[in-house]
Amino acid sequence: MRLGKRAYSLLVFLGVAILGGILAAGFVVPVVSMVSTTGRDAALSLDALPAELKTPDQSERSKVVMADGSLLTYFYNENRVYEPLANIAPIMQEAQVAIEDHRFFEHGAIDLQGTLRALVSTSQGVTQGGSSITQQYVRLVLIETAEANNDAEARAAATENTLARKIRELRFAIALEKEYPKEQILERYLNISYYGDGAYGVEAAARHYFGVSAKDLNLAQSAMLAGLVRNPVTTNPVKYPQVAIERRNNVIDRMVELGKVTKEEGEAAKAEPFDQDKVTENKLDCGNARFPFICDYAKRVLLSDQSSDLGATPEEREYRLYRGGLTIQLTVDPKIQKQSEKTIASYIDPRDPVVSVITMLEPSTGNIVAMAQSRPKMGDNKENDGKDKWRGETYYNYAVSHAMGGADGFQGGSTFKAFVAAAALENDMGAYGKYNAKRVMTLDGPFKSCEGSFMLDKPWKVTNASPSGVMDMFAGVKGSVNTYFAQLIQAVGGCEAVKMADKLGLEIGLPKEDFPDVLSYDSIPSFTLGTIEVPPLSLVEAYATFANRGIHCEPVIVSSISTRQGVALKVPDADCQRVISKDVADAINKIFQGPYNGGTATPAKISGVQMAGKTGTVPDNKAVWTVGYTSGIAAAAVMSFDNDPRFAKFWKERNGRFLNGAYLKYSEHYVYGRSGSEAGGRLLKPALSYAIDHLEDYDDSRFKEPPASILKGEWISVPSCSGMGVGTCKSKLREAGFTYFTDEVSSDAEKGTIVGTSPSGKAPKLSTIAIEISKGPKKGSEAWCKLDGNAGKAECVKYLPAPTCGENEILVPDPPPGYCLPVTDPGQGGRGRGNGNG
């Protein structure tokens, strides 16, 4: 129903009165009954308005780049890149003003004609355009502020269809134009406006729709963007290209009408098609990043209390990350990361029931160089209809702990032997003390935890899959000899071993109630064989401490953070601190070159590169490792069976053989669970070789030679157990600081008696001493025959003394003990001795 002429005049009069009141005093008293409620709302709104306008910084997307500056992703609530007016094409500015407020530079804060028309329509409950660009900007600021504060009430107030809202916007517009020139208001408007399809601000929109910067927009592009602001959803050119083109042409016609462009220029612009191929995908968060798990790990670090400069709480840090316009540079080299992913992909398909990870970091800085895995895509393997389809996607970052987005981790296998060796060296045990590392040994104690000495409830049977025999630490490491390291952890103690691992940086993948951290494994002697699950990044971090000569650095993935104004913010610190002496680290670096020089890691050796490290194989070939490091980089490769329930049947049919001889359907080859040749030769070697060749500022210095004293250790006297019983001998050894085990040996001594110790004389401090107990003399031996009751046995006749023969007798030795044979008289026909002349 149309208003009568008198009613319309009355409303115009009221509008003028309202505007005059705003301009003069900031309030108005409603005196007519246009709509009584509306009048009251208007009066209350005016009373509550602040005297000055406050405008917040606009939300701007944060950019994450790799070590070389290439883009990884954006974090944003609103995809916006703020640009000054000088960086926005003049034709874009003209197009926006022409279609939204063509008299913008001529009128004040309010376009009276448009505003009065809008007021009348609003009083009837109908939203009507006509607001000036300044008023529109005010409204957008109010909405932006409400959303930034997560204030639903304020957002409702900013979008309500009431006269109160219009008046509030008018007051803000007046204050704004007193504070800022028109050009600055237009700049802010162009940067805050929503242009559809996730693009906020003209710069983001130009890049998204056309692949150009706002400063390079042409007439057709500018007109299309300008036309989107009023209805960005329904005129979205990606979804509704024909509607968008029609709207664009309307803008061009308006510009021709206003004399901003010629008719010929307008017709040429309208003839340009919209090229969908130039539309760029919005990179948001980590799902669309080219390295999603690098992105996810970085995001978790940025939201953690490590990044306190971004805010005091996770909520504050998230707000800053998604709205603060930050530039965040990571440490990961994209070339090395890509090559590591390619190396894994060439051997393990993401769809196969095997998981593989390669992780690298820089020892001197803690900078993460690469963190690749066999399933590089983040996803839930679901189709659009919600049905599962296995594509080898995952949400797990297998390189890191559960707390940082990882899974359970992987058992470390023999890679843990380095921690026990380092603990022994730190406790002056040296590297030359020898153990009789038999092929199979059964140990029950005593062992040492942080609470004291203890015996195992059940004997621990340890078997070698490698050389056996008497050996020192060099040989034990080179051959990865289990029974050597079982004795070594018994000697040095589980407490010292886990403390060493902890300060080097090792952490468990998924804490458990009884085992919340590495230190809780001090009473588990099999720690030396790596029976606990750890994330690969943590294991590399620990070995990197050796490479860095005893200085531990926390892993770092963020190298710099700067604000939109270029101010540098504090990044998470590597907190590099010395945790072991240079001497101990140098000794480990020397000893652990053995696996790469003829030992178990030889297939992973890079020609011409001095390397140290260790291999590891988990029982039943469930997982295999190779860790390798130089002075300049530390790395690890692991290949493990996947315990995901979807693969349960596959592994059950393997009958406990796991990786040993498993055929991988999608990879189209067998795997054999060999630490040196597969984890080392096929995975670690090519990836690490590439990294060494391409890492910027790579440190290629050689390991330092350790002092002889650290390798020798402290040697102390071994108590003599001569004439003692076994119990007394054990007590003497324990008092001297040694651990011990009994070893039955063949001896002429009576069975059960102590015949000596091995070693005797002196031995390395805290080493293990074998108490040698006689098994008794060998049956049939002289000593056995001399024992009571054995002299008359047939086996012992040979040990009886030979008879003494007379002058005319000769001794015949066979059969033992011999007999005397009389000499025959020559004169009786026997053959005489003759005198030589006959």
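What follows is a chat about salt bridges, a sheet and surface patches in a predicted model.

Reader: Let's start with charges. How many salt bridges are there in the whole structure?

Author: A search of the whole structure gives 24. One of them joins Arg80 and Glu78, with the closest N and O atoms 2.8 Å apart.

Reader: Is Arg80 in that pair buried or exposed?

Author: Arg80 is buried, because its relative accessible area is 0% and under 20% counts as buried. Glu78 is buried too, at 4%.

Reader: OK, what about Arg168, which residue does its side chain meet?

Author: Glu160, in a salt bridge of 3.6 Å from N to O. Arg168 counts as buried at 15% relative accessibility, whereas Glu160 is partly exposed at 27%.

Reader: And Asp349, what does it pair with?

Author: Asp349 forms a salt bridge with Arg351, and the closest N and O atoms are 2.9 Å apart. Asp349 is buried at 15% relative accessibility, and Arg351 is partly exposed at 32%.

Reader: Which residues are linked in a network of salt bridges?

Author: Asp253, Glu267 and Lys270 are linked that way.

Reader: Switching to strands. What's the order in the open sheet of 5 strands?

Author: The order runs β2-β1-β5-β17-β18, and the pairing is mixed. β2 (71-75) and β18 sit at the edges, each pairing on one side only.

Reader: In what sense do β1 and β5 pair?

Author: Parallel, over 3 bridges, with β1 covering residues 62-65 and β5 covering residues 327-330. Val64 is opposite Ile328 in β5.

Reader: Now the surface. Which residues gather in the patch of negative charge?

Author: Glu507, Glu554, Asp573 and Asp575. Asp573 is in the loop between β18 (568-569) and β19 (577-578), and it counts as exposed because its relative accessibility is 56%.

Reader: Which residues make the nonpolar surface patch?

Author: Ile810, Tyr819, Leu821 and Val823 make a nonpolar patch of about 330 Å². Ile810 belongs to strand β30 (residues 809-812) and is partly exposed, with a relative accessible area of 44%.

Reader: Last one: where is Val279?

Author: Val279 is in the loop between α12 (263-270) and α13 (292-303). At 21% relative accessibility, Val279 counts as partly exposed.

Reader: And how far apart are Val279 and His208?

Author: They are 71 residues apart in sequence, and their C-alpha atoms are 5.5 Å apart in space.

Definitions and conventions: Residues are numbered from 1 along each chain as its sequence is written. This is a predicted model: local features need pLDDT of at least 70, side-chain atom pairs count only at pLDDT 80 or more; totals for chains, interfaces and linings use all residues. Side-chain values use heavy atoms; hydrogens and water are left out. Patches are made of residues with over 30% relative accessible area and no salt bridge: like charges are joined within 9 Å, nonpolar side chains (Val, Leu, Ile, Met, Phe, Trp, Tyr) within 5 Å. Accessible areas come from the Shrake-Rupley method with a 1.4 Å probe; for residues, only the protein chains shown count as cover. A salt bridge is a side-chain nitrogen of Lys or Arg within 4 Å of a carboxyl oxygen of Asp or Glu. Lys and Arg count as positive and Asp and Glu as negative; His and the chain ends are not counted. The place of a charge is taken as NZ of Lys, CZ of Arg, CG of Asp or CD of Glu. Helices (H or I, at least four residues) and strands (E, at least two) are DSSP runs, numbered from the N terminus. Buried means under 20% relative accessible area, exposed over 50%, partly exposed in between (1.4 Å probe, protein chains only). Two strands pair if DSSP finds at least two bridges between them.
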